[in-house]
Amino acid sequence: MRCHGHRGGAGKIAAMSFIKRNRAELEARGVDPSRVPPGQYVTERFPVLHAGTVPTVDLAAWRFGIKGLVGQEKEWTWDEMTAMPTTKLHTDIHCVTKWTKLDTNWEGISVRYLWDQLDVDPSATHVLVHAYHGFTANIPIEDFTREENIFAHTYEGEPLELQHGYPLRLVMPHLYFWKSVKWTLGFNLLDADEPGFWERNGYHMYGDPFKEQRYWGS
Ligand SMILES: Nc1nc2c(c(=O)[nH]1)N[C@H]1C(S)=C(S)[C@@H](COP(=O)(O)O)O[C@H]1N2
Ligand SMILES: [Mo]
């Protein structure tokens, strides 16, 4: 990964920006560079990013709740949640702090599967996904209900690690990863957009990585 080399074309490569060098390395490995959004670099690591502390989770007391503009509010226990059918998701993820991780593998409950059990009021336009410590993220319904999105309990065949959102996190790969709420406890259906935690702190209301919608005003 590090290019301090002076062999072959390495001098030329070293003169490129870090991002360009990262792209050149990907192309050399046969990875389509168009998978990587502008301004992002690819890492093999799995960085951990969140505000505040990792919560203490008690699965016996854990509930996943759906509130707001639904005919009937729902609440599922951990046993009920994990009895639901699961879906796999193979995807690239893009963090607003500029790292991209390719080819991650997740498994969990499809957002669509949950959605189909709800009697959603036609006035609903957005969801606010919430988590331990009052963390939230706002998402338009048509983005939230995309077919690939899951509430994941498994990463690379193993239960989620605590710092990556155990026991359950959203994985919604088409927007920046801050929308993929860790330690999720459910969502509220709203008839208007309302900023979540990072959105109140300067992040873009929508967050499309391919349009570089990182912060306010971008
Ligand atoms: N509950 C919660 N979820 C969160 C965050 C957070 O602060 N709290 N940060 C987000 C951000 S900014 C990113 S990039 C991803 C990071 O996920 P990871 O730590 O598993 O890489 O989690 C997102 N989900
Ligand atoms: Mo992030």
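Which residue in strand 11 is the bridge partner of K67? I looked it up and found N188.

**Ground rules.** I am working with a predicted model, where local features need pLDDT of at least 70, side-chain atom pairs count only at pLDDT 80 or more, and totals for chains, interfaces and linings use all residues. Residues are numbered from 1 along each chain as its sequence is written, chains are lettered from A and ligands numbered from 1 in the order in which they are written, and side-chain values use heavy atoms, leaving out hydrogens and water.

**Sheet.** I noted that strand 2 (residues 63–68) runs parallel to strand 11 (residues 184–190), with 4 bridges between them. Strands here are DSSP runs of E, at least two residues long, numbered from the N terminus, and two of them pair if DSSP finds at least two bridges between them. I then traced an open sheet of 5 strands in the order 3-2-11-6-7, with mixed pairing. Strand 3 (74–77) and strand 7 (136–140) are its edges, each pairing on one side only.

**Rings.** I checked W106 and F177, whose rings form a tilted pair at 6.3 Å centre to centre, with 50 degrees between the planes. Rings of Phe, Tyr and Trp (its six-membered ring) pair if their centres lie within 6.5 Å; planes under 30 degrees apart are stacked, over 60 edge-to-face, the rest tilted. W106 lies in strand 5 (residues 99–110) and F177 in the loop between strand 10 (169–171) and strand 11, 71 residues apart. Both are buried (under 20% relative accessible area; exposed is over 50%, partly exposed in between, with a 1.4 Å probe and protein chains only). I recorded F197 as partly exposed because its relative accessibility is 25%.
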